[in-house]
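Subject: Structure handover

Hello,

Here is the structure I said I would pass on. My notes on it follow below.

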Amino acid sequence: MKKLVLFYSIVVCVCLLTISIFFLKSSGYSKHFDTKEAIGSAMTGEFPIYKLSGAADKYAILKVNQNINPEQFQGSSYAALLIDNTDNKVLVAHNALKRIYPASTTKLMTAIVVCDAVEKGKISYDDEVYLDHYINLSNPDAVASMLTIDETITVRNLLFGMLMESYNDYAMILAEYVGGSNEGFAKLMNEKAAEIGATGTHFVNPHGLHRDDHYTTAYDMYLIINEAAKYDIIREIDKYDSFTYTYLDSDGVEQEDNITPTNQFLAGNYTLPSNITIKEWKTGTTARAGSVLTMIADIDGKEYTMFIADSIGPEDLYQKYTVMFNLTKDN
């Protein structure tokens with residue numbers, strides 16, 4: 001009996017020690033968000049650069065103030081990051097740990113939280129969501145679908161419209177369906193961000209329309225898009241260059257929506273080199289965030305994660321991506 005008690009005592013001690021070590025290592029996942037700092041820095045334009053520590057620093061492949069091949073991105077880009085995922089090597093880092101606004105790249109985290117809810121059995125992709133109220137989108141940067149009150153759409157099709165066409169109302173509908181409210185869903189987003197080590201990020205809405213206290217970093221977006229790539233449905237959505245889905249109007253009649261990707265490489269408005277295959281991606285555009293695009297791409301058999309937040313506009317953004325593509329040639 002004494003031996004049994006001793007055995008269980010040792011097991012309990014080992015478990016407690018393991019938990020303690022985990023929390024000590026994770027203590028570096030500090031909560032960077034501070035309302036006064038967020039609003040103050042937004043007014044002055046002097047955004048903070050985050051220092052990774054604890055577990056975040058141990059497992060990061062990028063160090064604070066590390067600038068790598070920044071020359072062609074300085075001046076026109078708020079931030080830029082190019083990582084060779086195959087060799088775990090940083091090829092470009094410009095303001096990679098500096099606070100930026102994510103715009104609609106936010107929707108990657110929205111999709112992740114929705115997919116988590118499906119995997120936990122809380123909802124299904126085939127759930128039919130009935131819209132019983134108007135979605136208020138007064139922001140001039142907002143993009144909305146044709147869906148309106150008393151109409152019904154599946155969770156799956158909401159994800160397609162949100163990720164491909166970047167419908168902001170679909171992000172809000174999903175947030176309310178999964179989180180009960182915009183605020184409840186934002187809490188889930190921030191919890192997931194902390195879980196994957198994206199500690200320079202703070203979300204307050206599911207779509208990315210501008211708020212001073214809604215921000216991320218290029219490095220955090222690298223973590224987020226690589227997390228998004230783990231979900232089958234996100235990988236499926238991101239491979240299409242066009243898609244048609246249906247929803248039910250107020251009379252129960254099936255309506256179609258033909259959507260095309262906001263990624264202009266996939267839409268065919270900018271030429272994608274033949275040796276490059278885009279895998280996961282998300283765009284974003286607001287007056288404060290600029291033109292944003294993050295992607296995971298296969299280039300000559302190697303996988304890369306890319307991020308650019310451009311201050312000039314879409315044309316300059318896609319030109320900068322051509323620069324990134326060329327920088328992989330010597331890698």
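Setting aside neighbours within four places in sequence, Leu174 is in contact with Val114, Val155, Leu158, Leu159, Met162, Gly179 and Phe185. Please keep in mind that this is a predicted model. Leu174 belongs to helix H6, which covers residues 168-179. With a relative accessible area of 0%, Leu174 is buried, because the cut-off for that label is under 20%. One of the contacts, Val114, is 60 residues from Leu174 along the chain, yet the C-alpha atoms of the two are separated by 7.3 Å.

The axes of H5 and H6 come within 9 Å and cross at roughly 140 degrees. The two helices are therefore oblique to each other, since only angles over 145 degrees would count as roughly antiparallel. The crossing of H5 past H6 is left-handed. On the H5 side the contact is made by Val155, Asn157, Leu158, Leu159, Gly161 and Met162, and on the H6 side by Tyr170, Ala171, Ile173, Leu174 and Tyr177.

The crossing of H4 and H8 is left-handed. Where do the two helices meet? Leu108, Met109 and Ile112 in H4 meet Met221, Ile224, Ile225, Glu227 and Ala228 in H8.

H8 itself is mostly covered, with ten of its eleven residues buried. The buried residues of H8 are Ala218, Tyr219, Asp220, Met221, Tyr222, Leu223, Ile224, Ile225, Glu227 and Ala228.

Most residues other than glycine have a negative phi. Asn95 is not a glycine but has a positive phi of about 55 degrees. Asn95 is placed in the loop between strand S2 (89-94) and H4. Ala103 lies in the loop between S2 and H4 as well, and Ala103 also has a positive phi, of about 50 degrees, without being a glycine. Are these residues buried or partly exposed? Asn95 counts as partly exposed, at 24% relative accessibility, whereas Ala103 is buried, with a relative accessible area of 1%.

Next, the aromatic rings. A search of the whole structure finds eleven aromatic pairs. One of them is Phe265 with Tyr321, which is edge-to-face: the centres are 6.3 Å apart and the planes make an angle of 80 degrees. This pair links distant parts of the chain, as Phe265 is in helix H10 (residues 264-267) and Tyr321 in helix H11 (residues 314-327), 56 residues apart. Phe265 is buried, with a relative accessible area of 6%, and Tyr321 is buried too, at 0%.

Tyr321 also pairs with Phe325. That pair is tilted, with 6.1 Å from centre to centre and 55 degrees between the planes. Why are Tyr321 and Phe325 separated by about one helical turn? The reason is that they are four residues apart in helix H11. Phe325 is buried, with a relative accessible area of 5%. Phe265, Tyr321 and Phe325 belong to one aromatic cluster together with Tyr270 and Tyr318.

The charged end of Arg99 sits over the ring of Tyr215, 3.8 Å from the ring centre.

Finally, some totals for the protein. The secondary structure comes to eleven helices and nine strands. Of the 331 residues, 51% are buried. Among contacts between residues at least 6 apart in sequence, 64% join residues at least 24 apart.

Regards

Key
Residues are numbered from 1 along each chain as its sequence is written. This is a predicted model: local features need pLDDT of at least 70, side-chain atom pairs count only at pLDDT 80 or more; totals for chains, interfaces and linings use all residues. Side-chain values use heavy atoms; hydrogens and water are left out. Rings of Phe, Tyr and Trp (its six-membered ring) pair if their centres lie within 6.5 Å; planes under 30 degrees apart count as stacked, over 60 as edge-to-face and the rest as tilted. Buried means under 20% relative accessible area, exposed over 50%, partly exposed in between (1.4 Å probe, protein chains only). A charge sits over a ring if NZ of Lys or CZ of Arg is within 6 Å of the ring centre and within 35 degrees of the ring normal. A crossing is left-handed if the near helix is turned anticlockwise from the far one by less than a right angle, and right-handed if clockwise. Contact means heavy atoms within 4.5 Å. Axes are lines fitted to C-alpha atoms, for helices over the stretch in contact, and angles run from 0 to 180 degrees between N-to-C directions. Angles under 35 degrees count as roughly parallel, over 145 as roughly antiparallel, 65 to 115 as roughly perpendicular and the rest as oblique.
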